Amino acid sequence: WEAFNSGCAFDANGMNAQEQAIREHSWQGVLQDGPKGAVEFVLDTTGAIKIWKAPQYKSRYFIAADVAKGVEGGDNSVALVIDQANWEIVAKFCDKIEPTEFGKQLYGLGLHYNTAKIAVEVWPGPGLATGAKLLELKYPKDRLYRRMTWNEDKHTTTGEVGWVTDERSRHDLITALQTSVLHKRVIV
């Protein structure tokens, strides 16, 4: 959040509304393998996953993942679980973790949240390994974000897994977030 909050990038009233909505998470913990291939959330005060709202039956979720290298002194890998009905962030994973291990965590988090749609930032950086791990683990292909190309006003899916951050996509991302903050459409 701090990366975008550079003074004038976002509407001040929208940012104030976000600050007023801040609340502590309800649970903190880790994911572990459960019976019959299920994934279980286990409480752990040192865990990398914070949950504000548990998965709701029939709710649809989206996971946005920013992959770091997992090296000492580097950034954390972060994933936000978003309820697609109201754009509320219901859970967050944040930890310094190797990219393929992050893929395993996303796999479990996605299954935990009703086989959420997962979008991994694959370029630039280590996200290629994370996306490859999700494919290796056989996360449902239709639940993985596929890259799009722009040809004038037409968007075409490339079939390649993951989000590429470049000059155009970064601009689109920031513009969408600015609009969401301005109109108070997202709950962070």
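This is a predicted model: local features need pLDDT of at least 70, side-chain atom pairs count only at pLDDT 80 or more; totals for chains, interfaces and linings use all residues.
Colleague: Why is S77 called buried?

Modeller: Buried means a relative accessible area under 20%, and S77 has 0%, so S77 is placed in that class. The residue belongs to strand 5, which covers residues 77-83.

Colleague: Why is the pair of Y61 and Y113 called edge-to-face?

Modeller: The structure holds four aromatic pairs, and in the one formed by Y61 and Y113 the ring centres are 4.9 Å apart, with 75 degrees between the planes. Because Y61 lies in strand 4 and Y113 in the loop between helix 2 and strand 7, the pair ties together parts that are 52 residues apart in sequence.

Colleague: Are Y61 and Y113 buried or exposed, and how do you know?

Modeller: The limit for buried is under 20% relative accessible area; Y61 has 2% and is therefore buried, and Y113, with 0%, is buried too.

Colleague: What makes the pair of F93 and F102 tilted?

Modeller: The centres of F93 and F102 lie 5.3 Å apart, and their planes make an angle of 35 degrees. Stacked planes are under 30 degrees apart and edge-to-face planes over 60, with the rest called tilted, so an angle of 35 degrees gives the tilted class. F93 is buried with a relative accessible area of 2%, and F102 is buried with 0%.

Colleague: Why is T130 called buried, and which residues does T130 contact?

Modeller: T130, which lies in helix 3, has a relative accessible area of 0% and so counts as buried. Apart from neighbours within four places in sequence, T130 is in contact with V67, P99, F102, G103, L106 and V120.

Colleague: Why is Y57 called exposed?

Modeller: Exposed means a relative accessible area over 50%, and Y57 has 75%, so the label exposed applies. Y57 sits in the loop between strand 3 and strand 4, and its C-alpha atom is 7.7 Å from that of N114, although the two residues are 57 residues apart along the chain.

Colleague: What makes the phi values of W87 and K138 worth a remark?

Modeller: Most residues other than glycine have a negative phi. W87, however, has a positive phi near 60 degrees, and K138 has a positive phi near 65 degrees. W87 is in the loop between strand 5 and strand 6 and is partly exposed, because its relative accessible area is 47%. K138 is in the loop between helix 3 and strand 8 and is exposed, because its relative accessible area is 68%.

Colleague: How do you know which element supplies the largest share of the lining of the second largest pocket?

Modeller: Helix 2 supplies four residues of that lining, the largest share, while strand 1 and helix 2 each supply at least two. The lining consists of L31, Q32, D33, V39, K104, Q105, Y107, G108 and L137, which divide into four nonpolar, three polar and two charged residues, around a pocket with a volume of about 180 Å³.

Key:
Residues are numbered from 1 along each chain as its sequence is written. Side-chain values use heavy atoms; hydrogens and water are left out. On a 1 Å grid over the protein atoms alone, a cavity is a set of points where a 1.4 Å probe fits but cannot get out, and a pocket is an open set with protein on both sides within 12 Å along at least five of seven lines; lining residues have an atom within 4 Å of a point. Grid points are joined across faces, edges and corners, and a volume is the space filled by probe spheres set on the points. Ala, Val, Leu, Ile, Met, Phe, Trp, Tyr, Cys and Pro count as nonpolar, Asp, Glu, Lys and Arg as charged, and the others, Gly among them, as polar. Buried means under 20% relative accessible area, exposed over 50%, partly exposed in between (1.4 Å probe, protein chains only). Rings of Phe, Tyr and Trp (its six-membered ring) pair if their centres lie within 6.5 Å; planes under 30 degrees apart count as stacked, over 60 as edge-to-face and the rest as tilted. Contact means heavy atoms within 4.5 Å.
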